[in-house]
Amino acid sequence: MKYYFTMLTICLCVICLAGCGGPQKPDGFPETVPFTLTVMRDGSPLPEASVQLYPETASDAATGGITDAQGVVSLATTRGNYSNSGSPVGTFKVTVSKRVTIPGELSREECLKMSPDESAAYSKKMEEAEKSVPPEVAEKYHSVATTPLSVTVTKGGNATVQVTAK
(Lines give C-alpha, C1' and ligand atoms only; values in the text may rest on other atoms or scores of the structure.)
Protein backbone atom coordinates (compact mmCIF):
# COMPACT_ATOMS: atom_id res chain seq x y z
CA MET A 1 0.00 0.00 0.00
CA LYS A 2 2.82 2.35 0.87
CA TYR A 3 4.35 1.71 -2.58
CA TYR A 4 1.10 2.72 -4.34
CA PHE A 5 0.78 5.90 -2.26
CA THR A 6 4.39 6.85 -3.14
CA MET A 7 3.83 6.18 -6.84
CA LEU A 8 0.57 8.16 -6.82
CA THR A 9 2.33 11.11 -5.15
CA ILE A 10 5.16 11.00 -7.72
CA CYS A 11 2.69 10.85 -10.63
CA LEU A 12 0.71 13.82 -9.29
CA CYS A 13 3.91 15.85 -8.86
CA VAL A 14 4.99 15.08 -12.44
CA ILE A 15 1.57 16.09 -13.79
CA CYS A 16 1.57 19.33 -11.80
CA LEU A 17 5.12 20.25 -12.81
CA ALA A 18 4.43 19.61 -16.49
CA GLY A 19 2.28 22.72 -16.62
CA CYS A 20 4.79 24.96 -14.78
CA GLY A 21 7.22 25.61 -17.62
CA GLY A 22 6.22 29.25 -18.14
CA PRO A 23 4.91 30.70 -21.40
CA GLN A 24 5.28 28.48 -24.44
CA LYS A 25 7.13 29.75 -27.51
CA PRO A 26 4.43 30.89 -29.94
CA ASP A 27 4.18 29.31 -33.40
CA GLY A 28 6.14 31.38 -35.90
CA PHE A 29 8.22 33.13 -33.23
CA PRO A 30 11.49 34.13 -34.89
CA GLU A 31 14.77 32.49 -33.94
CA THR A 32 16.96 34.98 -32.09
CA VAL A 33 20.74 35.39 -31.99
CA PRO A 34 23.07 37.22 -29.61
CA PHE A 35 23.75 40.75 -30.87
CA THR A 36 25.31 43.76 -29.18
CA LEU A 37 24.08 47.26 -30.01
CA THR A 38 25.74 50.38 -28.59
CA VAL A 39 24.13 53.81 -28.70
CA MET A 40 26.39 56.86 -28.71
CA ARG A 41 25.30 60.49 -28.51
CA ASP A 42 27.77 63.05 -29.80
CA GLY A 43 30.63 60.58 -29.19
CA SER A 44 29.63 59.48 -25.65
CA PRO A 45 27.62 56.45 -24.49
CA LEU A 46 23.90 57.20 -24.03
CA PRO A 47 22.61 55.51 -20.85
CA GLU A 48 18.96 54.75 -20.05
CA ALA A 49 17.74 55.18 -23.62
CA SER A 50 14.87 53.14 -25.06
CA VAL A 51 15.90 51.33 -28.26
CA GLN A 52 13.50 49.55 -30.64
CA LEU A 53 14.33 47.58 -33.78
CA TYR A 54 11.77 47.42 -36.61
CA PRO A 55 12.25 44.72 -39.28
CA GLU A 56 12.03 45.54 -42.98
CA THR A 57 9.38 42.83 -43.30
CA ALA A 58 6.24 42.88 -41.17
CA SER A 59 6.44 41.07 -37.84
CA ASP A 60 4.31 40.95 -34.72
CA ALA A 61 7.36 40.34 -32.52
CA ALA A 62 9.00 43.41 -30.95
CA THR A 63 12.75 43.70 -30.43
CA GLY A 64 14.36 46.26 -28.15
CA GLY A 65 15.67 47.17 -24.73
CA ILE A 66 17.17 49.88 -22.53
CA THR A 67 20.81 50.95 -22.70
CA ASP A 68 23.12 50.53 -19.70
CA ALA A 69 25.68 53.07 -18.39
CA GLN A 70 28.00 52.23 -21.33
CA GLY A 71 25.24 52.75 -23.90
CA VAL A 72 24.95 49.02 -24.59
CA VAL A 73 21.49 47.53 -24.99
CA SER A 74 20.69 43.92 -24.17
CA LEU A 75 18.18 43.13 -26.89
CA ALA A 76 15.15 40.97 -26.26
CA THR A 77 12.44 39.89 -28.68
CA THR A 78 8.88 39.68 -27.38
CA ARG A 79 5.46 38.56 -28.59
CA GLY A 80 2.60 38.61 -26.13
CA ASN A 81 3.85 37.24 -22.82
CA TYR A 82 6.73 35.29 -24.39
CA SER A 83 10.20 36.86 -24.53
CA ASN A 84 13.59 35.58 -25.66
CA SER A 85 16.96 37.27 -25.41
CA GLY A 86 18.60 38.43 -28.64
CA SER A 87 17.28 39.59 -31.97
CA PRO A 88 16.15 37.91 -35.17
CA VAL A 89 18.69 38.05 -38.04
CA GLY A 90 17.99 40.74 -40.64
CA THR A 91 18.04 44.44 -41.38
CA PHE A 92 16.18 46.76 -39.00
CA LYS A 93 15.32 50.43 -38.66
CA VAL A 94 16.35 51.65 -35.20
CA THR A 95 14.52 54.16 -33.04
CA VAL A 96 16.08 55.74 -29.96
CA SER A 97 14.39 57.88 -27.34
CA LYS A 98 15.20 59.01 -23.85
CA ARG A 99 12.87 60.55 -21.33
CA VAL A 100 14.01 63.99 -20.23
CA THR A 101 14.29 64.56 -16.49
CA ILE A 102 12.72 67.87 -15.57
CA PRO A 103 14.06 69.78 -12.54
CA GLY A 104 11.48 69.77 -9.75
CA GLU A 105 9.67 66.71 -11.13
CA LEU A 106 7.76 64.75 -8.51
CA SER A 107 7.51 60.98 -8.17
CA ARG A 108 4.40 59.12 -9.26
CA GLU A 109 3.52 58.48 -5.62
CA GLU A 110 3.71 62.20 -4.81
CA CYS A 111 1.50 63.03 -7.79
CA LEU A 112 -1.15 60.51 -6.71
CA LYS A 113 -1.50 62.35 -3.39
CA MET A 114 -2.44 65.64 -5.12
CA SER A 115 -5.92 67.06 -5.37
CA PRO A 116 -7.31 67.48 -8.92
CA ASP A 117 -6.56 71.23 -8.84
CA GLU A 118 -3.00 70.66 -7.60
CA SER A 119 -2.49 68.00 -10.26
CA ALA A 120 -3.70 70.31 -13.05
CA ALA A 121 -1.44 73.14 -11.86
CA TYR A 122 1.54 70.77 -11.56
CA SER A 123 0.94 69.35 -15.06
CA LYS A 124 0.87 72.84 -16.55
CA LYS A 125 4.07 73.77 -14.67
CA MET A 126 5.84 70.64 -15.95
CA GLU A 127 4.72 71.28 -19.55
CA GLU A 128 6.28 74.75 -19.38
CA ALA A 129 9.45 73.44 -17.68
CA GLU A 130 9.83 70.72 -20.32
CA LYS A 131 10.09 73.37 -23.05
CA SER A 132 13.19 74.80 -21.39
CA VAL A 133 14.99 71.45 -21.02
CA PRO A 134 17.14 70.49 -24.02
CA PRO A 135 16.25 67.12 -25.59
CA GLU A 136 18.44 64.11 -24.88
CA VAL A 137 17.87 62.70 -28.38
CA ALA A 138 16.70 64.56 -31.50
CA GLU A 139 13.07 63.87 -32.38
CA LYS A 140 13.93 62.36 -35.79
CA TYR A 141 15.25 59.25 -33.98
CA HIS A 142 11.94 58.65 -32.14
CA SER A 143 9.91 57.39 -35.12
CA VAL A 144 10.45 54.54 -37.57
CA ALA A 145 9.19 56.88 -40.31
CA THR A 146 11.91 59.49 -39.70
CA THR A 147 14.90 57.68 -38.19
CA PRO A 148 17.98 57.48 -40.41
CA LEU A 149 19.37 54.65 -38.25
CA SER A 150 19.50 51.05 -39.38
CA VAL A 151 21.45 47.92 -38.42
CA THR A 152 21.95 44.51 -39.93
CA VAL A 153 21.80 41.84 -37.23
CA THR A 154 24.05 38.81 -37.65
CA LYS A 155 24.76 35.99 -35.21
CA GLY A 156 27.27 37.13 -32.61
CA GLY A 157 27.61 40.50 -34.32
CA ASN A 158 27.64 44.01 -32.97
CA ALA A 159 26.92 47.52 -34.16
CA THR A 160 27.10 51.08 -32.93
CA VAL A 161 24.57 53.77 -33.81
CA GLN A 162 25.23 57.48 -33.40
CA VAL A 163 22.50 59.93 -32.39
CA THR A 164 22.52 63.65 -31.72
CA ALA A 165 20.60 65.85 -29.35
CA LYS A 166 19.52 68.24 -32.10
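Analyst: Happy to; what follows takes the labels one by one.

This is a predicted model, in which local features need pLDDT of at least 70, side-chain atom pairs count only at pLDDT 80 or more, and totals for chains, interfaces and linings use all residues. Residues are numbered from 1 along each chain as its sequence is written, and side-chain values use heavy atoms, with hydrogens and water left out.

User: What makes Phe29 and Tyr82 an edge-to-face pair?

Analyst: Rings of Phe, Tyr and Trp (its six-membered ring) pair if their centres lie within 6.5 Å; planes under 30 degrees apart are stacked, over 60 edge-to-face, and the rest tilted. Here the centres are 4.9 Å apart and the planes stand at 85 degrees, so the pair is edge-to-face. A search of the whole structure finds 1 aromatic pair.

User: Why does the pair tie together parts that are apart in sequence?

Analyst: Phe29 lies in the loop between α1 (2-18) and β1 (35-41), while Tyr82 is in strand β7, so the pair links parts 53 residues apart in sequence. These elements are DSSP runs numbered from the N terminus: helices are H or I with at least four residues, strands E with at least two.

User: How do you know whether Phe29 is buried or exposed?

Analyst: Buried means under 20% relative accessible area, exposed over 50%, and partly exposed in between (1.4 Å probe, protein chains only). Phe29 has 6%, so Phe29 is buried. Tyr82, at 16%, therefore counts as buried too.

User: And why is Pro55 called partly exposed?

Analyst: Pro55 has 29% relative accessibility, so the label is partly exposed. Pro55 sits in strand β3. Between Pro55 and Gly90 the C-alpha to C-alpha distance is 7.1 Å, although 35 residues separate them in sequence.

User: How do you know that β3 and β4 pair?

Analyst: Two strands pair if DSSP finds at least two bridges between them. Strand β3 (residues 50-55) and strand β4 (residues 62-66) are joined by 4 bridges and run antiparallel, so they qualify. Across from Gly64 in β4 stands Gln52.

User: What makes β7 and β9 edge strands?

Analyst: The open sheet has 6 strands in the order β7-β6-β4-β3-β8-β9, with antiparallel pairing. β7 (82-85) and β9 (150-153) each pair on one side only.

User: Which strands does β1 pair with?

Analyst: β1 runs parallel to strand β10 (residues 157-163), with 7 bridges joining them, and Met40 faces Gln162 in β10. Strand β5 (residues 72-74) is antiparallel to β1, over 3 bridges; Thr36 has Ser74 as its bridge partner there. With strand β2 (residues 44-45), β1 pairs in the antiparallel sense over 2 bridges. β1 and β2 form a hairpin with 2 residues between them, and Asp42 in the turn has a positive phi of about 50 degrees. Of the 7 residues in β1, 5 are buried, making the strand mostly covered.

User: What makes something a pocket, and what lines the largest pocket?

Analyst: On a 1 Å grid over the protein atoms alone, a pocket is an open set of points with protein on both sides within 12 Å along at least five of seven lines; lining residues have an atom within 4 Å of a point. The largest pocket holds about 220 Å³ of space. Its lining has 15 residues, and closest to the centre are Arg99, Val100, Ile102, Glu105 and Glu130. Helix α3 (residues 116-132) gives the largest share, 5 residues.

Technical notes:
1 Å grid on protein atoms, 1.4 Å probe; cavity = no way out; pocket = protein on both sides within 12 Å on 5 of 7 lines; lining within 4 Å. Points joined across faces, edges and corners; volume = space filled by probe spheres on them.
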